[in-house]
Amino acid sequence: MSHNILIFSLVLVAFLMFAASMGGKAQGFSIKMCTTLSPNLTLVEKHQKLIQISKSRAHRFQPITNPNSSSPVLIPNTIRSYVRHAFSDFFYTVITIGTPPQVANLAIDTGSAFTWVQSAECRKCIVTPLPGFDLRKSSSSRVLPYNHRLCVPPFLSPRGRGCSYLLEYADRTTTEGLVGFEKFTFLSEQGQQDVPLAFGLGLVNNIIFSVRDDDHPNPIIGIMGLGRDHPTSIIRQLNPITLLRFSYCLAPQFEATPSLLHFGDDAQIIGAKNVRSTPILGGPDDHYYVRLNGISLNGQLLPIDPNLFTRGGGGVVVDTGAPYSLIVDEAFQILRQAVVDYFYNKYQWQPIPKTARDDFDLCYDFHTVFTAPSVMLHFEGGDMEVHKPSLFTVVEKKSELCMTILSLGTSENLPSIVGAVQQVNYKFLFDVGARMLHFAEEDC
């Protein structure tokens, strides 16, 4: 790694300084997102991929130390860039980087803070037909100095006269490379807006964003980190625009329904009748922890110890990067039994015995018409109902109906996760400055 960085740093050229030339009052912006999961995959293949991603996400939540650093002063013009979203596996935003601009599709991730893009000179590369970012073709690149206030742990560290990054997760998914400044241009139907960002240039990327499919290959070449506290998070770097606020509304899974990711003043919940609010907890890292006090089924509070939902960080994590929810096994077994009792008492259904090859933890033979139980998540400050389409999915090839809340298994110290599927048709507003998460039902 060090040898690669020393060689590659020789091709870094000077960035333009943007902040001095940009003025005006920031009011917020939105950016376009698209789906990555191939429509040619069978539903079985899609479900297997989504489960794999969800469980991998749980293993990513490792305790780290949050640095106490101030974010850079950036005051761009007011921007309002349109966003589209079609939920399936990952969400990604289409932006351009550098001068002249180079296209980069970045997965939008509330579960991490650092933004990085695959380098054209990568030694270990993400499989994608999209070329990596070639800084030799950009006139607006600048190295992040080793002593810059953004070059801080746990992701970044000095390397010679520059700065390098390393992201390593418990599932051994990794990316590492150089850190610099560059001009990011957010695309929209109303024009474009340039903003300066510190970002990573990935040289060694052991990451898989989608199942290999020659007809619909993976379009993603990096990640946009929306984590809450590290100074390199986009919401911190662009604080004058984002105001430490962003919102989204996820459309139903496997549908290409448009959606928006909003920042700053654009991040609002408008017209909702029942907006709930819950505190964003500190936690040991950049993830969005909230307090879950219990789970009800059909109005009956299940006998689950609330302390189970404090493992691994003090709360449960709200994460768009995990397709399905995962909860600690002791709590899951109580929920599972309640669902089993419900279907047996109502329809005399028996669950399909689980085998070592099964991905879901609770499945039934497929039925076209049935009434699903109502599952309610009791967060501090408000309740959230998990709707039928977000609670069960059809595994087409097996003709099975499976619950999309999974068990964390024997993992001892991992937090429970509220995944993207369970967030469908809810508007979420993350107010990081106020440490509050607001949510309300919405037809996304």
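Let me begin with Cys163, which counts as buried because its relative accessibility is 3%, under the 20% limit. Please bear in mind that this is a predicted model.

What is the partner of Cys163? Cys163 forms a disulfide with Cys151, and the two sulfur atoms are 2.2 Å apart. The torsion about this S-S bond is about 95°, so the disulfide is right-handed. The pair links distant parts of the chain, 12 residues apart: Cys151 lies in the loop between β6 (142-143) and β7 (156-159), whereas Cys163 belongs to strand β8 (residues 162-168). Cys151 is likewise buried, at 7% relative accessibility.

How many disulfides does the model hold? The count comes to three, and I turn now to the other pairs.

Cys363 is joined to Cys402, with an S to S distance of 2.0 Å. This link is right-handed, with 110° about the S-S bond. Here, too, distant parts of the chain are connected: Cys363 sits in strand β20 (residues 363-365) and Cys402 in strand β24 (residues 400-403), 39 residues apart. Are these two cysteines buried or exposed? Both Cys363 and Cys402 are buried.

Finally, there is the disulfide of Cys122 and Cys125, with 1.9 Å from S to S. Its torsion about the S-S bond is 110°, and the link is right-handed. Cys122 is buried, at 15% relative accessibility. Cys125, by contrast, has a relative accessible area of 34% and is therefore partly exposed.

Key
Residues are numbered from 1 along each chain as its sequence is written. This is a predicted model: local features need pLDDT of at least 70, side-chain atom pairs count only at pLDDT 80 or more; totals for chains, interfaces and linings use all residues. Side-chain values use heavy atoms; hydrogens and water are left out. A disulfide is a pair of cysteine sulfur atoms within 2.5 Å. Buried means under 20% relative accessible area, exposed over 50%, partly exposed in between (1.4 Å probe, protein chains only). Helices (H or I, at least four residues) and strands (E, at least two) are DSSP runs, numbered from the N terminus.
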